[in-house]
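We will go from stop to stop.

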Amino acid sequence: MKRILTVLLIMVSAINAFAQNQGAGSDKSTYQNPIFGGDYPDPSLLRDGKDYYMVHSSFDYYPGLTIWHSQDLVNWVPLTNALQKYVGDVWAPDLVKYNNRFYIYFPANKTNFVISAENINGPWSEPIDLKIGNIDPGHVTDDKGNRYLYFSNGDYIGLSKDGLKIVGDVKHAYDGWKIPREWSIECFCMEGPKLFKKGDYYYLTVAEGGTAGPATSHMVVSARSKTPFGPWENSPYNPVVRTESDAERWWSKGHSTIFEDANGKWWMMLHAYEKGFYNLGRQTLLQPVEWTKDGWYKIPDGIKTDEPIAKPKGTALPQFSLNDDFLGNTLKPQWKFFGGVDTSRFKATIKGLVVKGKGNGVGDSAPLVCVPSGHSYTAEVEMEIEGDATGGLVLFYNNTYFSGILADKQDILTNLRGWQFPTEKNVHKRHVYLRLKNVNNNVDMFYSLDGKEWKKTENSAEVSSYNHNALSGFLGLRIALCSIGDGTVTFKNFKYAAL
């Protein structure tokens, strides 16, 4: 009996873990964080009627600023990538709608840009340089329709009516909430201003404490004012959200958008690192907020980020999958090239996605990447190799840090932290399948000649250290397809499966 109970407990634990990694709750009436598993930091949410749209920081991965769509806040599908032109490392954006036009404001390359569109699906405009520094622009309008941008340091500046130019001078309005010196934080680091008006007050929400560092660093801070320019009164409930101990599952919770859903309920979309899985990056979380009688928002009593929460009302969209046969005439929105898009490099054909080789190794190959969503999974792809190209399936942090399995015209190669070598010689003839199996950061590597019978190579990798606190960059570990050298690699039948 004791053995049976033990087996049952293990099964329940496994089922719960799977549900948590998928954003599903313990039953159909609840959900479980994260809403976006994997590297989806700095969420900015816009509600338009019964539809919700969200963008995140896209960093050096292009096309950038993927717009996601939902009607229930839990199930999301990608619509389009709004940013095609390379302008640098894209950080925390703000997605807004004004006078029936959509805008995304975002910092990159030590300045701030704006893109706009009449339809959320695009086409989106070329980026316009606003020629103003600072980071994390947050858009707000006053009662007369005048437009302003706030920045991470508490400064703001006016915008033209069309939102495409700055007007006036930079002014300072907010100094943040003073963090007790005895708390363990990375830095004061105020960032991510998001603004809205409710009743007589404008509400300003910021993050403080540093986005990584100790688990107790990042936090959500709120203030309000009768004008969009201050003076700002800090909330008596500050910090509204904070990780209080490294025993919690979600670390460095912060960078929040506060919004009302289509049914009159209020919510907070935010990000956090997951204990033990820093290399997944900052994941997107959702939790409810409530309003007090004296006009402040706070987290309802009894709500915990890492426990099941009652689902919002709404229609669930079809479940999104990373699987891709590469037989369409365009790339699906989940795919990005590291360092910018060169459209002359790739072509979608009836045989698969043909990618010209580039560089001499993984780091300078500008790989095609997507975001894994859970702790444990398999990823596999079929490849045909022409010329002197080398194709690969690797886990990629940036162009310096990566590990995975590759194949040239006849050999299977292993790459461990940049050290690349043949591990199986003369085993295929330009057509091969590669697989990675990642179980809690331990990665085994496989190849196959037919996609059915798989052979494990000698080499495996441990990838938990591929994270911001070790390597900087604010990134997460992504699955990458590489085409290296002189020739082409045709990719087919990419398959991703949670374990």
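Is Asp143 exposed or buried? Select Asp143 and show the surface. Asp143 counts as exposed, because its relative accessibility is 62% and the cut-off for exposed is over 50%. Keep in mind that this is a predicted model.

**Stop 1: the partner of Asp143**

Asp143 and Lys197 form a salt bridge, and their closest N and O atoms are 2.8 Å apart. Asp143 sits in the loop between strand 11 (138-141) and strand 12 (147-150), while Lys197 belongs to strand 15 (residues 191-198), so the pair ties together parts that are 54 residues apart in sequence. Lys197 counts as partly exposed, at 36% relative accessibility. This pair is one of 14 salt bridges in the structure.

**Stop 2: a network**

Select Glu290, Lys298 and Asp301. Salt bridges link these residues in a network. Look at Lys298 and Asp301: their side chains meet at 3.7 Å, N to O. Then compare their surroundings. Asp301 counts as exposed at 71% relative accessibility. Lys298 counts as buried at 14%, because buried means under 20%.

**Stop 3: a link between distant strands**

Move on to Glu384 and Lys492. Here the closest N and O atoms of the salt bridge are 2.9 Å apart. Glu384 lies in strand 29 (residues 376-396) and Lys492 in strand 36 (residues 478-498). The pair links distant parts of the chain, 108 residues apart. Glu384 is partly exposed, with a relative accessible area of 29%. Lys492, at 16% relative accessibility, counts as buried.

**Stop 4: a buried serine**

Which strand holds Ser448? Select residues 442-448: this is strand 34, and Ser448 is found there. Ser448 counts as buried, because its relative accessibility is 1%. Show its side chain. A polar contact of 3.0 Å joins it to the side chain of Asp450. A polar atom of the Ser448 side chain also lies 2.8 Å from the backbone oxygen of Glu453. Leaving aside residues up to four places away in sequence, Ser448 touches Val432, Tyr433, Glu453 and Trp454.

**Stop 5: the two domains**

Zoom out. Colour residues 32-310 as domain 1 and residues 336-498 as domain 2. Their centres, taken over C-alpha atoms, are 33 Å apart. Now look at where they touch. In domain 1, 27 residues are in contact with 28 residues of domain 2.

How much area do domain 1 and domain 2 bury between them? The answer is about 2,200 Å², with 55% of it on carbon and sulfur atoms.

**Stop 6: across the interface**

Select Asp39 and Arg478. They form a salt bridge, with the closest N and O atoms 2.9 Å apart. Across the interface of domain 1 and domain 2, the rule finds 1 salt bridge. It also finds 14 residue pairs in polar contact there.

Finish on the side of domain 1 that touches domain 2. Highlight strand 4 (61-62), strand 5 (64-70) and strand 21 (266-274): these are the elements that give two or more residues to that side. Colour the touching residues of domain 1 by type. They divide into 12 nonpolar, 10 polar and 5 charged.

Notes: Residues are numbered from 1 along each chain as its sequence is written. This is a predicted model: local features need pLDDT of at least 70, side-chain atom pairs count only at pLDDT 80 or more; totals for chains, interfaces and linings use all residues. Side-chain values use heavy atoms; hydrogens and water are left out. Domain bounds come from an automatic or database domain assignment. Contact means heavy atoms within 4.5 Å. Buried area is the accessible area (1.4 Å probe) that two parts lose on being put together, summed over both. A salt bridge is a side-chain nitrogen of Lys or Arg within 4 Å of a carboxyl oxygen of Asp or Glu. A polar contact is a pair of N or O atoms within 3.5 Å; within protein, one must be able to donate a hydrogen and the other to accept it, and residues adjacent in sequence count only if both atoms are side-chain atoms. Helices (H or I, at least four residues) and strands (E, at least two) are DSSP runs, numbered from the N terminus. Ala, Val, Leu, Ile, Met, Phe, Trp, Tyr, Cys and Pro count as nonpolar, Asp, Glu, Lys and Arg as charged, and the others, Gly among them, as polar. Buried means under 20% relative accessible area, exposed over 50%, partly exposed in between (1.4 Å probe, protein chains only).
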